[in-house]
Amino acid sequence: MSYEEDGIITNEDIQIPSKERFESGPVVIIECPQSIPCNPCVDACPFHAISMNDINALPKIDFEKCTGCGSCISKCPGLAIFVVDTTYSDNEALIKIPYEFALPKTGDTVKALDRKGELKGDARVINVIKEKDKTGIVSIAVKKTLAMEVRNIRC
Ligand code: SF4
Ligand code: SF4
């Protein structure tokens with residue numbers, strides 16, 4: 001099934017970094033496959049890694065310019081921006097997730113969910129960032145094999 005058919009994003013619907021780029025450290029993953037008039041992500045990136053042909057176009061990512069800093073995550077009104085670090089540890093990947101519900105605490109164990117909301121296992125909360133009037137960002141560690149599957153948590 002594609003996003004067009006069931007509204008659920010798959011890895012085939014989005015721009016994915018190369019294996020080599022994943023292996024070089026944290027990198028942005030933008031899950032925004034629908035053309036809508038929106039572009040805060042473009043101005044949010046201090047490294048000019050995100051561009052757009054026009055305000056109705058899909059964001060284009062230059063993964064070589066992206067440092068994985070995460071500055072763009074809380075600027076996206078669609079909660080469509082994540083950062084994935086498959087180099088976090090031997091067995092785990094770190095995923096930074098935009099989160100607007102009651103935030104967990106660093107050290108908590110939460111449920112890791114995929115894009116359909118299906119349970120994929122446990123995740124450890126590594127860090128939580130919440131600035132006034134901004135979307136929270138929860139960093140979680142999950143099994144490395146789940147790096148491109150887990151996109152939400154349940155506390
Ligand atoms: S993670 Fe940082 S460098 Fe990468 S696109 Fe977002 S703001 Fe730019
Ligand atoms: S800010 Fe978010 S929703 Fe808007 S175009 Fe960029 S990625 Fe898509």
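Hold on to that, because a molecule counts as sitting in a cavity if more than half of its atoms lie within 2 Å of its grid points. And one thing before we go on, everyone: this is a predicted model.

So, to the ligands. Ligand 1 sits in the largest cavity. Who is around it? There are 14 residues around ligand 1, and Cys45, Cys66, Cys69, Gly70 and Cys72 come nearest. If you sort that shell by class, you get 10 nonpolar residues, four polar ones and no charged ones.

Ligand 2 has a place of its own: it sits in the largest pocket. Its surroundings are Ile30, Cys32, Cys38, Pro40, Cys41, Met52, Cys76 and Pro77. How many of the residues in that shell are nonpolar, polar or charged? Eight are nonpolar, none is polar and none is charged.

You'll find Glu31 in the loop between strand E1, residues 27–30, and helix H3, residues 40–44. Is Glu31 buried or exposed? Its relative accessible area is 7%, so Glu31 is buried. Setting aside neighbours within four places in sequence, Glu31 is in contact with Ile9, Ile14, Ala80, Phe82, Arg115 and Arg151. For a sense of distance, Glu31 and Val138 are 107 residues apart in sequence, with 17 Å between their C-alpha atoms.

Now compare that with Ile9, which lies in the loop between helix H1 (3–6) and helix H2 (19–22). Ile9 and Arg115 are 106 residues apart in sequence, and their C-alpha atoms are 7.0 Å apart in space. Beyond residues up to four places away in sequence, Ile9 touches Tyr3, Ile14, Glu31, Pro33 and Arg115. Why do we call Ile9 buried? Because its relative accessibility is 17%, and the cut-off for buried is under 20%.

On to the salt bridges. Searching the whole structure turns up eight of them. In the first, the side chains of Glu92 and Arg124 meet at 2.5 Å, N to O. That pair links distant parts of the chain: Glu92 belongs to strand E5 (residues 92–99), Arg124 to strand E7 (residues 119–129), and they are 32 residues apart. Arg124 has 38% relative accessibility, so it counts as partly exposed.

In the next pair, the side chains of Lys120 and Glu149 meet in a salt bridge, at 3.1 Å from N to O. Here too distant parts of the chain are linked, with Lys120 in strand E7 and Glu149 in the loop between strand E8 (136–143) and strand E9 (150–154), 29 residues apart. How accessible are the two partners? Lys120 is partly exposed, at 30%, and Glu149 counts as partly exposed, at 31%.

The last pair is Lys132 with Asp133, where the closest N and O atoms are 3.5 Å apart. Both Lys132 and Asp133 are exposed. For Asp133 the relative accessibility is 72%, and the residue lies in the loop between E7 and E8.

Stay with Asp133 for a moment, please, and look at the backbone. Most residues other than glycine have a negative phi. Asp133 has a positive phi of about 65 degrees, and it is not a glycine. Where else do we see this? Leu79 is another non-glycine residue with a positive phi, about 50 degrees. Leu79 is in the loop between strand E3 (60–61) and strand E4 (81–85). At 29% relative accessibility, Leu79 counts as partly exposed.

One more stop, and then I'm done: Ser139, in strand E8. Is Ser139 buried or exposed? With 4% relative accessibility, Ser139 counts as buried. Leaving out residues up to four places away in sequence, Ser139 touches Leu94, Ile95, Lys96, Arg124, Val125, Ile126 and Asn127.

Note on methods. Residues are numbered from 1 along each chain as its sequence is written. Chains are lettered from A and ligands numbered from 1 in the order in which they are written. This is a predicted model: local features need pLDDT of at least 70, side-chain atom pairs count only at pLDDT 80 or more; totals for chains, interfaces and linings use all residues. Side-chain values use heavy atoms; hydrogens and water are left out. A residue is near a molecule or strand if one of its heavy atoms lies within 4 Å of it. On a 1 Å grid over the protein atoms alone, a cavity is a set of points where a 1.4 Å probe fits but cannot get out, and a pocket is an open set with protein on both sides within 12 Å along at least five of seven lines; lining residues have an atom within 4 Å of a point. Ala, Val, Leu, Ile, Met, Phe, Trp, Tyr, Cys and Pro count as nonpolar, Asp, Glu, Lys and Arg as charged, and the others, Gly among them, as polar. Helices (H or I, at least four residues) and strands (E, at least two) are DSSP runs, numbered from the N terminus. Buried means under 20% relative accessible area, exposed over 50%, partly exposed in between (1.4 Å probe, protein chains only). Contact means heavy atoms within 4.5 Å. A salt bridge is a side-chain nitrogen of Lys or Arg within 4 Å of a carboxyl oxygen of Asp or Glu.
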